[in-house]
Amino acid sequence: MFFKKKIAELPASDGLSASLEDLIEQKKYLPYIKRRHNSITSDRAGDIRSAFKGRGMELEEVRAYGFGDDVRDIDWRVTARKGDTYTKVFSEEKDREVYVVLDLSPYMLFGTKKELKSVAAAKLAALLGWQSQANKDRFGLLLYDGNETKVFKPQNNQKNLMAIFKAVSTASADVLKSTAPEKADITDALQILQFSIKSRAMVFVISDFKNMTETARKTLVALTKRCRVYCVNVYDYIEEIPPESGEYLAEYNGEKLIFNTTPEAFKDTYYQYFAQKRKTMENFCKRFGCQYLNIRTDRPLYKQLKIL
């Protein structure tokens, strides 16, 4: 179901598309992220630890298992010998590959405050790109626009980053003219990544995960066995909090309908519907070792990136 204002009533700067300037502007938020995590800077690749929390290759220590540790890192030999659970701690990998799978399909054209989900997703991808470059990591992107997937191989240079930003900005504007296909999801993008990615890379899947097929889920599971996967769920204010009491006109599949949000039963059902869909994806991630993160479009994006 879509709640849209007429595009003609809104200027292009009102969160309908992500301009190149919007994406470049995300760089200004890096100092806030670095300050929080005490990042170390260097002029040479490989001299810093990435601010992205990930599993590296080099074993640093073995310590008692703590809540939140990855069960895949449990040292079963030490655990059996000592009678308590112990986990391996790896130093964070340097000069790694970071990929973003960016969903800019027509289904992401939804927003009631500040900007569309597609715009917030594009800005998140840009912020991750800038952060990767600052950490001397190689940044790549798979851009899905609802019809095809454009692939940008991971590199660590600003020329590649600007090429990615231009493509994202263009797709963000072009998708406003598109119609949602019957079955649009990021399955193809994930499968392309599965057959091209190297192990130990980091993958950020930015989407609203509304149209996840069983094939997409299986591909995500396969990716978690080779690399660190973050599922970043972009959602709108109205997907968390029911609309204010009153009657609303909505359009669904070309049909118009009026519904009343005043009854408490409606509000409870509305809240539970979106909460359950989010919980289902979160449980999936917990089960298969993905990291899950919710991003609301009307809040500062960099403050919500707790994974950095």
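Which side chain does E239 meet in a salt bridge? E239 meets the side chain of K117, with N and O 3.2 Å apart. The model is predicted, so local features need pLDDT of at least 70 and side-chain atom pairs count only at pLDDT 80 or more, while totals for chains, interfaces and linings use all residues. Residues are numbered from 1 along each chain as its sequence is written, and side-chain values use heavy atoms, with hydrogens and water left out.

**Salt bridges**

- A salt bridge here is a side-chain nitrogen of Lys or Arg within 4 Å of a carboxyl oxygen of Asp or Glu.
- By this rule the structure has 11 salt bridges.
- Side chains of opposite charge can pair when their charged atoms come close.
- K117 also forms a salt bridge with D208, where the closest N and O atoms are 3.0 Å apart.
- That pair links distant parts of the chain, since K117 lies in helix α4 and D208 in the loop between β6 (202–207) and α7 (214–224), 91 residues apart.
- Helices (H or I, at least four residues) and strands (E, at least two) are DSSP runs, numbered from the N terminus.
- K117 and D208 are both buried, where buried means under 20% relative accessible area, exposed means over 50%, and partly exposed is in between (1.4 Å probe, protein chains only).
- The bridge between E239 and K117 likewise links distant parts of the chain: E239 is in the loop between β7 (228–235) and β8 (247–252), K117 is in helix α4, and 122 residues separate them.
- E239 is buried, as is K117.
- K286 and E282 form another salt bridge, at 4.0 Å from N to O.
- These two residues are four apart in helix α8 (residues 264–288), which means that about one helical turn separates them.
- K286 is exposed, at 59% relative accessible area, whereas E282 is partly exposed, at 22%.
- Through shared partners, salt bridges join K117, D208, K210 and E239 into one network.

**Cysteines**

- A disulfide is a covalent bond between the sulfur atoms of two cysteines.
- Counted as a pair of cysteine sulfur atoms within 2.5 Å, disulfides number zero in this structure.
- C227 is in no disulfide, and the nearest cysteine sulfur, that of C290, is 9.2 Å away.
- For C290, the closest cysteine sulfur is in C231, at 4.4 Å, which is too far for a bond.
- C227 is buried at 8% relative accessibility, and C290 is buried at 6%.

**Cavities**

- A cavity is a set of points, on a 1 Å grid over the protein atoms alone, where a 1.4 Å probe fits but cannot get out; lining residues have an atom within 4 Å of a point.
- Residues lining the second largest cavity include G129, S132, Q133, D137 and F139.
- α4 (117–134) and α5 (158–174) each supply at least two residues of this lining, and α4 gives the most, with three.
- The lining of the second largest cavity has two nonpolar, seven polar and one charged residue; Ala, Val, Leu, Ile, Met, Phe, Trp, Tyr, Cys and Pro count as nonpolar, Asp, Glu, Lys and Arg as charged, and the others, Gly among them, as polar.

**T224**

- T224 is in helix α7 and is buried, at 4% relative accessibility.
- The side chain of T224 reaches the backbone oxygen of F288 at 3.3 Å.

Technical notes: On a 1 Å grid over the protein atoms alone, a cavity is a set of points where a 1.4 Å probe fits but cannot get out, and a pocket is an open set with protein on both sides within 12 Å along at least five of seven lines; lining residues have an atom within 4 Å of a point. A polar contact is a pair of N or O atoms within 3.5 Å; within protein, one must be able to donate a hydrogen and the other to accept it, and residues adjacent in sequence count only if both atoms are side-chain atoms.
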